[in-house]
Amino acid sequence: MYIDGVFSGGGVKGIALVGALQAVEDRGLQFKRTAGTSAGALIAALITAGYKGDEIEAILLDTNLKALLDRKPGFTFPLMRWLMLYWKLGLYSGKDLEKWVHGLLKKKGIETFGDIEEGSLKIIASDITRGRLIVIPDDLEQYGFVPEQFSIAKAVRMSAGLPFFFKPHPLYTIDGKKHLIVDGGILSNFPLWVFKPQESNKQLRPVLGFQLSASFDKIPGHKIKNAIELYQALFETMKEAHDARYIEKQKAQNIVFIPIKQGITTDFSLERQEQKKLISFGRERTEQFLRKWRKLPESVRFNR
């Protein structure tokens, strides 16, 4: 049975999505189209390239995640960190992350959007220069790019550009104008809307979403006592408000909620055992959901 999948952002929390993928595969389901933001964009890209859940788990457990954060001499000094933020707008360039993703995709013979089926992958990013959301590859022509020639690894890196953590990715239009692209989660961390059918069309297949949080009506309120907590609350509100409103209209019957604590989003030093726990948790939550999912045939829901 074919389905479409939408994966939310969440930084390192996205490791739990690997377990979710494994549970989906155990039920004999296959993704025809995928979409995602940030960590979700990475998972979506790997699925489209042909990776299976067990393959991705092995890759992650064998990868030193901290090595994906390019460090500079003297970077450990607080002053250097502040200077990087002030002048470069981020602590890490994201180049090593992009190179890693490119290597994984290339092993499957995939480099650009022209190497995959048209419409099979959509990646969400934010253009803070123009103040608008970008769907890649759909919106690339607006910048003068040929979508089929655009690097998927670059698109993933752009979508995963968490503000102040990774530097904004510069994207130059054909007339030389510079646009700064950051994490898609700023405007849509869970782009469930991306596969919404046009009014004249019917839904081609079920769309299953994977959200790295509790359901929106169960997310605790923000406690704000200082400026740092205010910034965190503002950032979380920006990420959740747009998507929460859409989900209210669509209901949550096609969403797997995987509530992971917020604190590990940028914890690239996460131990191997903790990664395994995240994968197991994502798998368990997805298995629980699929046993009750109404769009899944009963024979698949209970007999696999």
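Is Arg205 buried or exposed? Arg205 is buried, because its relative accessible area is 18%, under the 20% cut-off for that class. This is a predicted model.

**Salt bridges: Arg205 and Asp4**

- The structure holds 10 salt bridges.
- One of them joins Arg205 to Asp4, with the closest N and O atoms 3.1 Å apart.
- Arg205 sits in the loop between β8 (178-183) and β9 (207-211), while Asp4 belongs to strand β1 (residues 2-7). The pair therefore ties together parts that are 201 residues apart in sequence.
- Asp4 also counts as buried, with a relative accessibility of 0%.
- Arg33 joins Asp4 and Arg205 in a network of salt bridges.

**Salt bridges: Lys108 and Glu55**

- Lys108 forms a salt bridge with Glu55. Their closest N and O atoms are 3.1 Å apart.
- Lys108 lies in the loop between α5 and β4 (121-127), and Glu55 lies in helix α3 (residues 53-61). This pair ties together parts that are 53 residues apart in sequence.
- Lys108 is partly exposed, at 32% relative accessible area.
- Glu55 is partly exposed too, at 31%.

**Salt bridges: Glu287 and Arg283**

- Glu287 pairs with Arg283 in a salt bridge, the closest N and O atoms being 3.5 Å apart.
- Both residues belong to helix α8 (residues 272-290). They are 4 residues apart, so about one helical turn separates them.
- Glu287 is partly exposed, with a relative accessible area of 23%.
- Arg283 has a relative accessibility of 26% and is likewise partly exposed.

**Helix packing: α2 and α5**

- Two packed helices are described by the angle between their axes and the distance between the axes.
- The axes of α2 (residues 39-49) and α5 (residues 95-106) come within 10 Å and cross at roughly 20°.
- Angles under 35 degrees count as roughly parallel, so α2 is roughly parallel to α5.
- The crossing of α2 with α5 is right-handed.
- On the α2 side, the contact involves Leu42, Ala45, Leu46 and Ala49. These meet Trp100, Val101, Leu104 and Leu105 in α5.
- By class, this contact has 8 nonpolar residues, no polar residues and no charged residues.

Note on methods:
Residues are numbered from 1 along each chain as its sequence is written. This is a predicted model: local features need pLDDT of at least 70, side-chain atom pairs count only at pLDDT 80 or more; totals for chains, interfaces and linings use all residues. Side-chain values use heavy atoms; hydrogens and water are left out. Axes are lines fitted to C-alpha atoms, for helices over the stretch in contact, and angles run from 0 to 180 degrees between N-to-C directions. Helices (H or I, at least four residues) and strands (E, at least two) are DSSP runs, numbered from the N terminus. Angles under 35 degrees count as roughly parallel, over 145 as roughly antiparallel, 65 to 115 as roughly perpendicular and the rest as oblique. A crossing is left-handed if the near helix is turned anticlockwise from the far one by less than a right angle, and right-handed if clockwise. Contact means heavy atoms within 4.5 Å. Ala, Val, Leu, Ile, Met, Phe, Trp, Tyr, Cys and Pro count as nonpolar, Asp, Glu, Lys and Arg as charged, and the others, Gly among them, as polar. A salt bridge is a side-chain nitrogen of Lys or Arg within 4 Å of a carboxyl oxygen of Asp or Glu. Buried means under 20% relative accessible area, exposed over 50%, partly exposed in between (1.4 Å probe, protein chains only).
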